[in-house]
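Look at the sequence and the structure first, then read on.

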Amino acid sequence: MTDPIDIAEDVTSHRPVNIATISAGFEKGDFLVREEQGNRVYFDFFEESFNYIANKGYARMEKEQEKQWMELMSVIHDSVKGGMKYNTGTLLMVLSKPVGPEVAKDATKEKASKVRAASVKQEGKNP
């Protein structure tokens, strides 16, 4: 098994991010989204849970990074003596959202760039 310290260094070596997870297997709803500040929202359908968290600016991680987070969370849950107090469900997906002041600037620049590209493309279509 991979060393938890190595996993933690891998997943935290990039710029700061908030993570959110989608898990399955709960009585209140089939799917659970866990997000910032411990917010938990239950859904009956996966699509609802994914759309909810995507509309908050979260995106699915790259496969390798998501795998590292899943391994890390498994190690953390397994380290709790006597098991976790609450049902953790089956972890399906880990999503992330960058945080920090430079993120807002980058997002604004990226959005402006996409708008310019779309308008240039549109101009090429109209004679």
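Does Arg60 count as buried, partly exposed or exposed? This is a predicted model. Its relative accessibility at Arg60 is 41%, so Arg60 counts as partly exposed. The cut-offs are under 20% for buried and over 50% for exposed.

Arg60 forms a salt bridge with Glu66. Their closest N and O atoms are 3.0 Å apart. Glu66 has a relative accessibility of 5%, so this residue is buried.

## Helix H3

Glu66 is one of the buried residues in H3.

Helix H3 covers residues 63-78, which is 16 residues. At 1.5 Å a residue, the helix should span 22 Å. The end C-alpha atoms are 22 Å apart, so the model agrees.

## Two links across the chain

How many salt bridges does a search of the whole structure find? The search finds 3. One of them joins the side chains of Lys56 and Glu35, at 3.2 Å from N to O. The two residues are 21 residues apart and link distant parts of the chain. Lys56 lies in the loop between helix H2 and strand E4, and Glu35 in the loop between strands E2 and E3. Lys56 is partly exposed at 37%, whereas Glu35 is buried at 8%.

Glu36 and Lys97 also meet in a salt bridge, at 2.9 Å from N to O. This pair is 61 residues apart. Glu36 sits in the loop between E2 and E3, while Lys97 belongs to strand E5. Glu36 is partly exposed, with a relative accessible area of 27%.

Terms used:
Residues numbered from 1 in each chain as written. Predicted model: local features only at pLDDT ≥ 70, side-chain atom pairs only at ≥ 80, totals over all residues. Heavy atoms only, no water. Helix = DSSP H or I, 4+ residues; strand = E, 2+ residues; numbered from the N terminus. Expected span 1.5 Å × (residues − 1). Buried < 20%, exposed > 50% of the residue type's maximum accessible area, 1.4 Å probe, protein only. Salt bridge = Lys/Arg side-chain N within 4 Å of Asp/Glu carboxyl O.
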